[in-house]
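Here's a quick briefing to read with the structure open next to you.

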Amino acid sequence: DNIFAVMKEKGGEVLLSGIDESVWEDYREYVQLHQQRMKTHNIKWRALLCEGDTDFLPGSAVKTRYRWIPESLFTQLLYYVYADRFALVLWGKPIRITIIRNKLVAESFRRQFEMNWKNGKVPK
């Protein structure tokens with residue numbers, strides 16, 4: 001919800017790393033609604049997955065939205081980069097999300113994401 005609140009006026013791009021779409025299984029309905037409102041407000045996204053993971057979000061443009069990175073570089077520690085924010089998601093009960101609002105931190109993780117994206121493989 002913070003991503004939407006921050007980006008709804010200007011749009012932009014959200015970067016996700018360490019994503020495992022299967023963990024969202026209990027939240028599929030919410031994820032679909034969230035994706036629709038993001039699309040409506042011109043908020044795009046790209047995600048890095050572990051090589052071989054084919055559990056893509058239904059209806060997404062796989063070749064432009066996802067890249068596989070080697071298992072040796074993949075971590076289950078999910079993070080988002082958007083606007084001037086870095087959000088770290090810790091799975092568990094309850095889910096814990098830490099958001100750091102800092103341009104330097106966001107830019108550092110954005111660059112790391114882009115390097116992994118550039119070197120990642122297009123899923124088949």
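Phe74 sits in the loop that runs between strand 3 (66-69) and strand 4 (78-82). Keep in mind that this is a predicted model. Despite its place in a loop, Phe74 counts as buried, because its relative accessibility of 13% is under the 20% cut-off.

**Around Phe74**
- Leaving aside residues up to four places away in sequence, Phe74 touches Gly18, Ile19, Leu48, Leu49, Cys50 and Ile69.
- Glu51 is 23 residues from Phe74 in sequence, and their C-alpha atoms are 8.3 Å apart in space.

- Six strands make up an open sheet in the order 3-2-1-4-5-6, and the pairing is mixed.
- Strand 3 and strand 6 (96-101) are the edges: each has a single partner strand, so one side of each has no neighbour in the sheet.
- On average, neighbouring strands of this sheet are turned by 20° against each other, ignoring direction.
- Strand pairing in a sheet goes through backbone hydrogen bonds, and it can be parallel or antiparallel.
- Strand 1 and strand 2 (residues 43-50) run parallel and are joined by six bridges; here Leu15 stands opposite Arg46 of strand 2.
- Strand 2 also runs parallel to strand 3, with four bridges joining them, and Leu48 stands opposite Arg67 of strand 3.
- Strand 1 and strand 4 are the antiparallel case, joined by four bridges; Val14 is found opposite Tyr82 of strand 4.
- Helix 4 (residues 103-119) lies across strands 1, 2, 3, 4, 5 (85-90) and 6, at about 60° to strand 2.

**Ser17 in strand 1**
- Ser17 belongs to strand 1 (residues 12-17).
- Is Ser17 buried or exposed? At 6% relative accessibility, Ser17 is buried.
- Its contacts, not counting residues up to four places away in sequence, are Leu48, Leu77, Leu78, Tyr79 and Phe113.
- Leu48 also turns up among the residues that Phe74 touches.

**Arg46 and its partners**
- Arg46 is part of strand 2, and with a relative accessible area of 11% it counts as buried.
- Which residues does Arg46 touch, not counting those up to four places away in sequence? They are Glu13, Val14, Leu15, Leu16, Thr64, Arg65, Phe113, Glu114 and Trp117.
- The side chains of Arg46 and Glu13 form a salt bridge, 2.7 Å from N to O. This pair ties together distant parts of the chain, with Arg46 in strand 2 and Glu13 in strand 1, 33 residues apart.
- A salt bridge also joins the side chains of Arg46 and Glu114, at 2.4 Å from N to O. Again the link is between distant parts of the chain: Arg46 is in strand 2 and Glu114 in helix 4, 68 residues apart.
- Put together, Glu13, Arg46 and Glu114 form a network of salt bridges.

**Other salt bridges**
- How many salt bridges are there? The count comes to eight.
- One of them joins the side chains of Arg85 and Asp84, at 2.7 Å from N to O.
- In that pair, Arg85 is buried, with a relative accessible area of 12%, whereas Asp84 is partly exposed at 25% relative accessibility.

Notes:
Residues are numbered from 1 along each chain as its sequence is written. This is a predicted model: local features need pLDDT of at least 70, side-chain atom pairs count only at pLDDT 80 or more; totals for chains, interfaces and linings use all residues. Side-chain values use heavy atoms; hydrogens and water are left out. Helices (H or I, at least four residues) and strands (E, at least two) are DSSP runs, numbered from the N terminus. Buried means under 20% relative accessible area, exposed over 50%, partly exposed in between (1.4 Å probe, protein chains only). Contact means heavy atoms within 4.5 Å. Two strands pair if DSSP finds at least two bridges between them. Axes are lines fitted to C-alpha atoms, for helices over the stretch in contact, and angles run from 0 to 180 degrees between N-to-C directions. A salt bridge is a side-chain nitrogen of Lys or Arg within 4 Å of a carboxyl oxygen of Asp or Glu.
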